[in-house]
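Please look over the sequence and the model below before reading on.

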Amino acid sequence: MAVFEKEVGFSVMKLGERLDGITMAEAERGLLDLLADGETNLVIDMTRLEYISSAGLRVLLLAMKKIRAAGGRLALYGLGGMAEEVFQMSGFTSIFIIKQSLAAAKRYVLGEDAE
C-alpha cells in the first residue's frame, strides 16, 4: 500500500512492504492523481519495501517519465535488502537518483543539491 504526503515544494510517496502486480495499481493511481494535481517533485520512501516485481519497477519508471516530462525531480531513499538487489541487477541504480535519507532526497528534489 502506498501512502502520499504533501510537503512544501514536493510530495512523498511512502511504499509498503510490497510493490507488485497486486499493489501496483493503487500506487499508480495515487501517483497519477498526484501528477494531475500539478505535483512535479516527488520523493519515494522505500524504507519499508521488501519486495518489488517487474510491475512495481514499471510504476517507478512511469513516475520518473511523467515527472521529468513536467520538468520536475524525483528521488528515492531508503532502498535496501532484496529490493536493492533487484535495482542493482536490473540496472535501475543507474537510472534513478537514490539517496540515503529523506533529508538528502528532499534537498535533491528542491534543487538544493548539486547532483
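Glutamate 39 is buried (under 20% relative accessible area; exposed is over 50%, partly exposed in between; 1.4 Å probe, protein chains only), with a relative accessible area of 8%. The model is predicted: local features need pLDDT of at least 70, side-chain atom pairs count only at pLDDT 80 or more, and totals for chains, interfaces and linings use all residues. Residues are numbered from 1 along each chain as its sequence is written, and side-chain values use heavy atoms, with hydrogens and water left out.

Glutamate 39 forms a salt bridge with lysine 6. A salt bridge here is a side-chain nitrogen of Lys or Arg within 4 Å of a carboxyl oxygen of Asp or Glu. Lysine 6 is exposed, at 59% relative accessibility. Glutamate 39 sits in the loop between α1 (24-36) and β4 (41-45), and lysine 6 in strand β1 (residues 3-7), so the pair ties together parts 33 residues apart in sequence. Helices (H or I, at least four residues) and strands (E, at least two) are DSSP runs, numbered from the N terminus.

By this rule the count is four salt bridges. Three of them are listed here.

| Pair | Closest N to O distance |
|---|---|
| Glutamate 39 and lysine 6 | 2.4 Å |
| Glutamate 28 and arginine 58 | 2.7 Å |

Glutamate 28 pairs with arginine 58. This pair links distant parts of the chain, helix α1 and helix α2 (residues 54-69), 30 residues apart. Glutamate 28 is buried at 16%. Arginine 58 is partly exposed at 40%.

Lysine 14 is partly exposed at 30% relative accessibility.
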